[in-house]
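Please find below a short note for a colleague who is new to this structure.

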Amino acid sequence: MNWFARIERSIADFVERSFARTFPSDLEPAQIARKLVAVMEAQTRSSVDGGNRAPSAYEARVSELDYERLGEHRDYLERQWADLLEDCAARVGIAFSDGPARVRMIARPDLPAGTVDVRVEPEPTVEEAVDDDLHHRFFLHMVQGAPAYGIFALEESTVIGRSESSDIFLLDPGISRIHARIDIRDGEATIVDCESTNGTYINDVRVDRHVLEDGDEIVVGSTRMRVEIRD
């Protein structure tokens, strides 16, 4: 029996409580709610910390007619759908990859009335993840590890570790509390191992200190990150 079958009664109670009001549409908000839960389940993946993570952002795509009928209540519905995802995730031990659950309802002219198409919103690009300040030239993209969609803009000095005070805080039991540091000086980014237990690797070679190049892959514990350097 899968996770969500075990909490079907709880979902039903939540839907009945949250969507008790009548909506002028052939497409019931409860239908969208159940589709959202199903997509969250399908998109949940194991993470390096032994837990499970699901995407945070979802699009509920409906026909223009259904959107017109439900649009007056959009803010209310989006909040209720997000609350439902949060409730289900909490009950079965799922964390979200990029902050709290978010749901956005949009109209699609290609969809017939009474149908819903739920999609996970695309992974944020570097441009969306950081501002356009020119000093942001160096980035780390999460390749393997959590958060699954992580993109980190490097500052003048960036600490990587398992301590919550780290600039890049990683839930990885294979890394040290203060594992490594990346310093940006004179247009170069240099990674320095901070006497970690399991070492810091660049392109699968253990290093104590290394000047990073575009495309380098950093491995700490079970976490792998790719370096991007923008012109």
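In which helix does E86 lie? The points below begin with that residue, as placed in a predicted model.

1. E86 belongs to helix α5. This helix spans residues 74-92, 19 residues in total. From its first C-alpha to its last, α5 reaches 27 Å, close to the 27 Å expected at 1.5 Å a residue. After α5 comes G93, which has a positive phi, near 75 degrees.

2. Is E86 buried, partly exposed or exposed? Its relative accessibility is 30%, and E86 therefore counts as partly exposed, since that class lies between the 20% and 50% limits. By contrast, the buried residues of α5 include Y76, W81, L85 and V92.

3. Leaving out residues up to four places away in sequence, E86 touches F96, P100 and A101. The side chain of E86 comes to 2.7 Å from the backbone nitrogen of A101. E86 and F96 stand 10 residues apart in sequence, with 8.6 Å between their C-alpha atoms.

4. F96 is also one of the residues that touch the most other members of the largest nonpolar core, which has 28 residues; W81 and L85 are among the others. Two or more residues of this core come from each of α3 (29-43), β3 (57-63), α5, β4 (94-96), β5 (102-108) and β6 (116-120). The largest share, 9 residues, is given by α5.

5. L36 shows how such residues meet: beyond its neighbours within four places in sequence, L36 is in contact with Y58, W81, L85, V103 and V118. Another core, of 21 residues, lies apart from this one and includes F138, L140, M142 and I218.

Notes
Residues are numbered from 1 along each chain as its sequence is written. This is a predicted model: local features need pLDDT of at least 70, side-chain atom pairs count only at pLDDT 80 or more; totals for chains, interfaces and linings use all residues. Side-chain values use heavy atoms; hydrogens and water are left out. Helices (H or I, at least four residues) and strands (E, at least two) are DSSP runs, numbered from the N terminus. The expected span of a helix is 1.5 Å times one less than its number of residues. Buried means under 20% relative accessible area, exposed over 50%, partly exposed in between (1.4 Å probe, protein chains only). A nonpolar core is a set of buried Ala, Val, Leu, Ile, Met, Phe, Trp, Tyr and Cys residues joined through side-chain atoms within 4.5 Å. Contact means heavy atoms within 4.5 Å. A polar contact is a pair of N or O atoms within 3.5 Å; within protein, one must be able to donate a hydrogen and the other to accept it, and residues adjacent in sequence count only if both atoms are side-chain atoms.
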